Amino acid sequence: MVMWHGVRKFGVVALGTGAGLGAYYYQKLRDNQQNVQMSWTNSDKPVNACALWDSNWDCRSPRSLVKPVKNDTPQEQNRYNSELEKATPKVARHIILIRHGEYLDLGDTDETHRLTTRGRLQAQYTGKRLQELGIKWDRVIASTMTRAQETCDIILKEIDFDPKDVKHCAFIREGAPIPPQPPVGHWRPEESQFFRDGARIEAGFRRYFHRASPSDKHDTYTLIVGHGNVIRYFVCRALQFPPEAWLRISINHASITWLTIQPSGNVNIKYLGDTGFIPAQYLTNRIPRDAKNIV
């Protein structure tokens, strides 16, 4: 009887131990599976160098503008802190990019590339939307190409801004900013066009994309009426994405893209190609198929 009791006790202990080990290894296996499934969010690998943010991307970081501390004296430290404070922006810059409305490419010169009736309606809806946002515009800039000028003129009828104060900029004319990755078969400009247009469009980016001046007292709002290729390139550059990725983005005619440059130099995007305010029957993003040189 005593022996049978011992056997039963041993069996219970063995069964409990086996169950415990089974549960342990099952949980361990389950944890490993979860780690594998979530490795893209919980990776132990260092951050990809391409994903690191360059805080001095516009060469206006306060620390890059102030002479370094020469010694550890209180006077020198006070001098450095005072100059650093004066060089630090206090407000944000909002840059709102508008793509021109739909147009017809029926001639060999820019003057013949005028908005369609639908393109004019698109621009009118965009102007009304901008007016609804209640923005007080500090600057309005338009590409010198005909379709952008026409779009800007229509928008100006809806917003509170003096047309005489509009700046016209040739840097942001449409073009081929950089060879896209992946390449596409239906659009292959010559290398000379990328060489010529790329430098110009990059110059436009550097002219308009930078943090606020330390002397600015309030957030500023800049409206830029331009082109699809240029806007997509600007978005990639501003967010420090590979600029070669610009053609992976698609934006509609007369769409609104809103980027904000914070005082720290950080950049975020509020809208990308927003056209939710335009009725569906008026939405387009390509030249009508009865026109040539479809992009």
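Reader: At what angle do helix 4 and helix 5 pack, and how far apart are their axes?
Author: In this predicted model, helix 4 covers residues 117-132 and helix 5 covers residues 146-156. The two helices pack with an angle of about 45 degrees between them, and their axes are 8 Å apart.

Reader: Are helix 4 and helix 5 parallel or oblique to each other?
Author: The angle between the two helices is about 45 degrees. Angles under 35 degrees count as roughly parallel, and 65 to 115 degrees as roughly perpendicular. Helix 4 and helix 5 are therefore oblique.

Reader: Is the crossing of helix 4 and helix 5 left-handed or right-handed?
Author: Two packed helices are described by the angle between their axes and the distance between the axes. A further property is the hand of the crossing. Where helix 4 passes helix 5, the crossing is right-handed.

Reader: Which residues of helix 5 meet helix 4, and how do the residues of the contact divide by class?
Author: From helix 4, the residues Arg120, Ala123, Gln124, Thr126, Gly127 and Leu130 take part, and they meet Glu150, Thr151, Ile154 and Ile155 in helix 5. By class, the contact of helix 4 with helix 5 comprises four nonpolar, four polar and two charged residues.

Reader: How do the axes of helix 6 and helix 7 cross, and is helix 6 parallel or oblique to helix 7?
Author: The axes of helix 6 and helix 7 come within 10 Å and cross at roughly 55 degrees. That angle makes the arrangement of helix 6 relative to helix 7 oblique.

Reader: What hand does the crossing of helix 6 and helix 7 have, and which residues meet there?
Author: Helix 6 passes helix 7 in a right-handed crossing. On the side of helix 6, Ile201, Glu202, Gly204 and Phe205 take part, and in helix 7 they meet Val230, Tyr233, Phe234, Arg237 and Ala238. The residues of this contact between helix 6 and helix 7 divide into six nonpolar, one polar and two charged.

Reader: Where is Ala254 found, and is Ala254 buried or exposed?
Author: Ala254 is found in the loop between helix 7 and strand 5. Although Ala254 is not a glycine, its phi is positive, at about 60 degrees. Because the relative accessible area of Ala254 is 0%, the residue is buried.

Reader: Is Gln240 buried, exposed or partly exposed?
Author: Gln240 lies in the loop between helix 7 (228-238) and strand 5 (256-261). Its phi is near 60 degrees, a positive value in a residue other than glycine. The relative accessible area of Gln240 is 21%, so the residue is partly exposed.

Reader: Is Ser250 buried or exposed, and which residues does Ser250 touch?
Author: Ser250 is found in the loop between helix 7 and strand 5, and because its relative accessible area is 56%, Ser250 is exposed. Ser250 and Gly228 are 22 residues apart in sequence and 8.1 Å apart in space, C-alpha to C-alpha. Leaving aside residues up to four places away in sequence, Ser250 touches Arg232 and Asn285.

Reader: What kind of peptide bond joins Gln181 and Pro182?
Author: Pro182 is found in the loop between strand 3 (167-169) and helix 6 (191-208). Omega of the bond that joins Gln181 and Pro182 is about -5 degrees, and the peptide bond is cis.

Technical notes
Residues numbered from 1 in each chain as written. Predicted model: local features only at pLDDT ≥ 70, side-chain atom pairs only at ≥ 80, totals over all residues. Heavy atoms only, no water. Helix = DSSP H or I, 4+ residues; strand = E, 2+ residues; numbered from the N terminus. Buried < 20%, exposed > 50% of the residue type's maximum accessible area, 1.4 Å probe, protein only. Axes fitted to C-alpha atoms, helices over the stretch in contact; angles between N-to-C directions. Parallel < 35°, antiparallel > 145°, perpendicular 65-115°, else oblique. Left-handed = near helix turned anticlockwise from the far one by under 90°. Contact = heavy atoms within 4.5 Å. Nonpolar A, V, L, I, M, F, W, Y, C, P; charged D, E, K, R; others polar.
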